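Hi,

Here is the structure I promised to pass on.

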Amino acid sequence: MKKILLPFLCGSLGVFAQQEGINVTGNVETTFQYLFEDTLIDAQQPVEKSVMNNYALVNMSYKGFHSGVRFESYLPRIVGYPDYFSGTGIGYRNVGYSTEQVDFTVGNFYEQFGNGMIFRSYEQRQLGLDNAMDGLNLRLRPMPGLEIKAVYGKMRRTFDDGLVNSDGLVRGFDGSIDFSSFMNLLADSKFKLTVGGSFVSKYQKVTHPTYNMPQNVGSYGGRIEMKYARFFFNAEYVMKENDPSSDNNYIFNNGHAAYVNFGYSQKGLGIILYGKSIDNMSYRVDPNAKLTSLNMNFLPALTRSHTENLAASLYPYATQPLGEVAYQIDIFYKIPKETKLGGKYGTEININFATSYRPVRHTSNIDLSDSSMVIYETRPFDKSDSLYYRDFNIEIKRTLNKSWKLTVKYFHFDFNDNVNDVSKDAHGMINCHIFTSEILYKINKKHSVRMELQGLWTKKENGVKQDKGDWATFLIEYSISPKFYFAVMDQYNYGNPNPDKRTHYLIGSAGYIFGASRLSITYGKQREGIFCIGGVCRAVPATSGLTVTFTTSF
């Protein structure tokens with residue numbers, strides 16, 4: 001019955017969409033894998049030999065009413081995906097109504113307060129993360145510049161032939177005032193000001209053999225955003241009441257987090273300074289949940305998101321919800337065109353530096369025998385000299401002429417593997433340099449060739465290279481605009497201290513784009529590692545074989 005339901009629904013929607021005023025949108029995504037055993041890279045073939053993830057989202061709106069439904073199918077889930085995705089069914093559905101002043105949704109929804117540090121409900125499909133709320137989402141805009149949000153419901157826990165929600169409840173509200181339009185207070189001023197505040201609470205009855213677990217845990221915070229001419233400033237500070245969990249080893253400390261950024265921008269120049277301080281801010285509906293399950297909040301990453309193969313995949317930054325003090329500076333400058341250094345088209349330079357440390361935890365005034373169960377004290381931005389992560393990188397882009405464009409980048413990472421455990425072959429601090437060069441050659445208006453050459457070199461300790469030693473990646477991609485691309489990439493661990501592990505990870509891919517649809521085929525080997533987006537990560541096993549992905553939107 002479920003297999004014939006989707007075509008029937010799509011056909012019905014096509015008929016409905018022809019009626020005046022009805023708007024139907026959506027998207028479809030399918031990923032299929034056929035994998036092989038490969039003892040050289042320790043890749044396993046799934047018992048079923050082939051696996052597949054499928055998603056079909058359909059949204060419909062008519063005169064303020066809106067609804068959405070997403071079918072999901074894991075037959076079974078693709079390799080490395082979290083094990084709480086199984087079967088076929090409806091994973092997301094809602095109905096609602098919206099006007100300029102009121103927007104309400106009943107059923108599933110995604111929402112965020114501020115930067116998300118005490119509440120963010122969102123989907124990141126590549127990570128296998130989906131904490132959609134199931135309940136009520138209400139937004140009120142009673143007058144220009146004033147917005148009030150309220151959420152109440154359960155959070156998606158797993159998928160097993162359909163939604164499986166948390167046992168606990170999540171409740172919260174958020175308010176913000178934009179003084180540029182609120183009562184026209186700053187309508188004619190260069191100074192812009194927005195302030196906001198949030199409160200979130202969870203309820204779940206939990207028992208523990210040793211501790212008297214709190215059933216209700218509240219969190220709250222405030223934020224401010226200011227702009228004046230070319231300057232801007234954003235800051236948010238949140239606190240969480242005592243929330244013993246498996247993440248924090250059942251301590252009763254309160255948690256806190258601060259996020260600040262300050263910047264300046266003008267034509268050809270941009271400078272942004274960031275600061276972040278976190279302590280004990282893991283926040284889940286169920287305190288015994290693990291990995292990416294039932295996270296109620298999102299703690300922003302404070303590093304640049306890298307896309308280069310070696311920089312992005314070997315030593316990626318992961319946010320530390322139990323505590324970190326981090327800083328970042330990002331500088332962009334474009335050397336003007338028609339100058340000696342800028343050349344005919346100008347030269348773009350981007351310098352970025354990010355660093356993260358363990359916070360100082362004071363214990364001198366703590367009595368471990370009292371009933372508070374508080375085991376240390378911390379202060380915002382009070383950092384120790386224990387380094388978690390350091391990333392310095394510089395990027396230079398230059399258009400040489402109408403046919404050639406060159407991009408070169410340099411990275412230096414200091415990566416604490418004891419904090420972010422990404423390697424079975426290393427412990428402690430890993431230091432490495434990475435250099436990448438990319439050149440794009442436009443043969444004509446439709447045909448182009450892009451090549452990348454990358455190298456990673458780790459530090460020597462006692463005459464031996466750290467971790468898996470040195471790597472090189474070569475990529476060549478041929479594109480026929482706007483429909484086809486073909487690419488071959490080889491990631492080669494040529495400098496592994498163990499000669500038997502000097503492996504090539506060769507992979508080829510091709511794609512065809514037609515309208516809003518895209519079909520891609522990939523065949524080859526993928527290395528075991530960690531995959532991260534925005535500081536949130538999941539383990540990726542080694543694989544060898546075929547992957548086919550199809551996406552379309554309407």
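**The second largest pocket**

The second largest pocket comes out at a volume of about 1200 Å³. Before you set anything up on it, bear in mind that this is a predicted model.

Which residues lie nearest the centre of that pocket? They are Arg 284, Leu 291, Thr 319, Pro 321 and Cys 537, out of 37 residues that line the second largest pocket. Two strands, S31 (529–533) and S32 (536–540), each put at least two residues into the lining. S32 gives the most, with 4 residues.

Asn 261 is part of strand S17, which runs over residues 255–266. Buried or exposed? Asn 261 has a relative accessibility of 8%, so it counts as buried, the cut-off for buried being under 20%. If you skip the neighbours within four places in sequence, the contacts of Asn 261 are Phe 232, Phe 233, Asn 234, Ile 272, Leu 273 and Tyr 274.

Thr 303, on the other hand, lies in a loop, the one between strand S18 (269–279) and helix H2 (309–313). Thr 303 counts as buried too, because its relative accessibility is 15%. With neighbours within four places in sequence again left out, Thr 303 is in contact with Tyr 317, Gln 328, Ala 354 and Tyr 389. In case you want a distance for orientation: Thr 303 and Gly 68 are 35 Å apart, C-alpha to C-alpha, with a separation of 235 residues in sequence.

**A nonpolar patch on the surface**

Moving to the outside, there is a nonpolar patch formed by Val 95, Val 102, Phe 104, Val 106, Leu 136 and Tyr 152. Together these residues have about 470 Å² of accessible area. Which strand gives the most to the patch? That would be S5 (residues 102–109), with 3 residues. Val 95 sits in strand S4 instead, which covers residues 85–98. At 48% relative accessibility, Val 95 is classed as partly exposed, since exposed needs over 50%.

**Backbone points to check**

A few spots in the backbone are worth a look on your side. There is a cis peptide bond between Leu 75 and Pro 76, with omega at about -25°. Pro 76 belongs to the loop between strand S3 (65–74) and S4. Another cis peptide bond joins Ser 481 to Pro 482, and here omega is about 0°. Pro 482 is in the loop that runs between strand S27 (471–480) and strand S28 (484–492).

Then there are positive phi values in residues other than glycine. Met 183 has a phi of about 55°, and you will find Met 183 in the loop between strands S13 (169–178) and S14 (191–203). Met 183 has a relative accessible area of 56%, so it is exposed.

What about phi of Asn 462? It is near 55°, again positive in a residue that is not glycine. Asn 462 lies in the loop between strand S25 (460–461) and strand S26 (464–465). With a relative accessible area of 84%, Asn 462 is exposed.

That's what I have for now.

Cheers

Notes: Residues are numbered from 1 along each chain as its sequence is written. This is a predicted model: local features need pLDDT of at least 70, side-chain atom pairs count only at pLDDT 80 or more; totals for chains, interfaces and linings use all residues. Side-chain values use heavy atoms; hydrogens and water are left out. Buried means under 20% relative accessible area, exposed over 50%, partly exposed in between (1.4 Å probe, protein chains only). Contact means heavy atoms within 4.5 Å. Patches are made of residues with over 30% relative accessible area and no salt bridge: like charges are joined within 9 Å, nonpolar side chains (Val, Leu, Ile, Met, Phe, Trp, Tyr) within 5 Å. Accessible areas come from the Shrake-Rupley method with a 1.4 Å probe; for residues, only the protein chains shown count as cover. A salt bridge is a side-chain nitrogen of Lys or Arg within 4 Å of a carboxyl oxygen of Asp or Glu. On a 1 Å grid over the protein atoms alone, a cavity is a set of points where a 1.4 Å probe fits but cannot get out, and a pocket is an open set with protein on both sides within 12 Å along at least five of seven lines; lining residues have an atom within 4 Å of a point. Grid points are joined across faces, edges and corners, and a volume is the space filled by probe spheres set on the points.
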